[in-house]
Amino acid sequence: MKLYHGWLSSASRRVRLCLAEKGVPCESIPIDMGKQEHHSPAYLAMNPNGVVPALRLDNGESLYESSTICEYLDDLHPQPPLRPADPYERAVMRNFVRWTDEKSLPNLLILNWSIALQPGASQWSDAQLQERLARVPTPERREAWNRIARQPYTDEEKAAALENLLALLGKMEAMLAPSGDWLVGGAYSLADIAAAPFVARIAELAPDALSNARCPRTADWWARIQQRPAFALARFDRFDVALRQRQAEVSPAPARADS
Ligand SMILES: N[C@@H](CCC(=O)N[C@@H](CS)C(=O)NCC(=O)O)C(=O)O
C-alpha cells in the first residue's frame, strides 16, 4: 500500500498513527500542498476532493477520508482491534470521530494555513491565483484558498478558531470521566487516534489549556498517548519546527564565507 499524505496534516497524522498501531507496512508518499500536488489529475483520480490523505491499495484501488481509511485498516488487519465490539460503543466512537472532522479540523486549518500557506499564497499574482483556483475541485476548498491568498484570517477569526478548537478538550474530559484511560468503552480505539492530532496541536498552540489544572483527565490521556510506541512512529513533528525546516529546504541559507 502507499499513503499519500502531508507530514503536518491532521487527517494524515490520524492515518499514520493507525498504520503504526497496526504495524502495517505502507510506503510513504509525502504531498506538497504549497505546490498543489494534491490537485494534480493523478492525485484527483485517487481522491476527488483534492485533500490529503489518500491510500493506494495493492490492487490499484484507492481510498480517501481518513476515518474511512482507518476503519478499512481495522477490517483488513483486525489485530489489535481499534473499534469497540459493542455496537452502541462503536456508534459513539463513530460520532466522536465525525465530531472532530466537523468541528476540530476546520478550525485547526484556519490556524495552520495562516502560518504555513498564507505567506506564500499572498505573493501570487491574480493570474496565478486564478490558475491555481481552477485546479481546486470543490467550492469549499476553493474558497479557503482564495481566503488565504487574498483575505487572510483576522486576529479575531484566529482567536475564535482557537476557542472552537479548544472545545475538544471539554468534550474529552466528559468522555474520559466514566471510561477511564481511553475515550470510548475503556479501550484504546479509533476515537483516541482521531483526537490525537488535534490535541498535539493544542499542546503546541495553547499548552495552558491542556494543563493538569484545567483538564486533568485529558492531560493524563495525552501523556498516555505519547508513551505508546506507535506515537513516535507516526511522526507528529512540532508544527513550527517542521515548517521552519521545510522553508530552509526550499530556500537554503546562503553558504557562509568560511564554510
Ligand atoms: N475529511 C477529510 C479531510 C481532509 C483534509 O481536509 N485534509 C487537509 C489537510 S488536514 C487538506 O488536504 N487540505 C488541502 C486543501 O484543502 O487544499 C479526511 O478526514 O480525510
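Colleague: Is P25 buried or exposed?

Modeller: P25 is exposed, at a relative accessible area of 68%. Exposed means over 50%, buried under 20%, and partly exposed in between, with a 1.4 Å probe and protein chains only. P25 sits in the loop between α1 (10-22) and β2. Helices (H or I, at least four residues) and strands (E, at least two) are DSSP runs, numbered from the N terminus.

Colleague: What should I know about the model before we go on?

Modeller: This is a predicted model: local features need pLDDT of at least 70, side-chain atom pairs count only at pLDDT 80 or more, and totals for chains, interfaces and linings use all residues. Residues are numbered from 1 along each chain as its sequence is written, and side-chain values use heavy atoms, with hydrogens and water left out.

Colleague: Fine. Which domains does the assignment give?

Modeller: Domain 1 (2-76) and domain 2 (87-247). Those bounds come from an automatic or database domain assignment. The domain centres, taken over C-alpha atoms, are 17 Å apart. The contact between them takes 23 residues from domain 1 and 37 residues from domain 2. Contact means heavy atoms within 4.5 Å.

Colleague: Now the sheet. What is the strand order?

Modeller: The order is β2-β1-β3-β4, in an open sheet of four strands with mixed pairing. Strands pair if DSSP finds at least two bridges between them. The edges are β2 (27-30) and β4 (62-64), each pairing on one side only. Neighbouring strands are turned by 20° against each other on average, direction ignored.

Colleague: And how do β1 and β3 pair?

Modeller: β1 (residues 2-5) and β3 (residues 54-56) pair in the antiparallel sense, over three bridges. K2 has R56 as its bridge partner in β3.

Colleague: Which helix lies across β3 and β4?

Modeller: Helix α3 (residues 66-76) does, running at about 125° to β4. Axes are lines fitted to C-alpha atoms, for helices over the stretch in contact, and angles run from 0 to 180 degrees between N-to-C directions.

Colleague: Which α3 residues are buried?

Modeller: S66, I69, C70, E71, L73 and D74. They pack against α1, β3, β4, α4 and α9.

Colleague: What does the E71 side chain meet from R83?

Modeller: The R83 side chain, in a polar contact at 2.8 Å. Such a contact is a pair of N or O atoms within 3.5 Å; within protein, one must be able to donate a hydrogen and the other to accept it, and residues adjacent in sequence count only if both atoms are side-chain atoms. R83 is in the loop between α3 and α4 (87-116).

Colleague: Why does R83 count as buried?

Modeller: Because its relative accessible area is 9%. Beyond four places in sequence, R83 is in contact with residues including D74, R90 and L190.

Colleague: On to the largest nonpolar core. Which residues touch the most other members?

Modeller: L183 and W221, out of 64 residues in that core. A nonpolar core is a set of buried Ala, Val, Leu, Ile, Met, Phe, Trp, Tyr and Cys residues joined through side-chain atoms within 4.5 Å. Helix α9 (residues 190-205) gives the largest share, nine residues.

Colleague: Which residue does V52 join through a cis peptide bond?

Modeller: P53, with omega about 10°. P53 is in the loop between α2 (41-46) and β3. The bond from Q79 to P80 is also cis, with omega near -10°. P80 is in the loop between α3 and α4.
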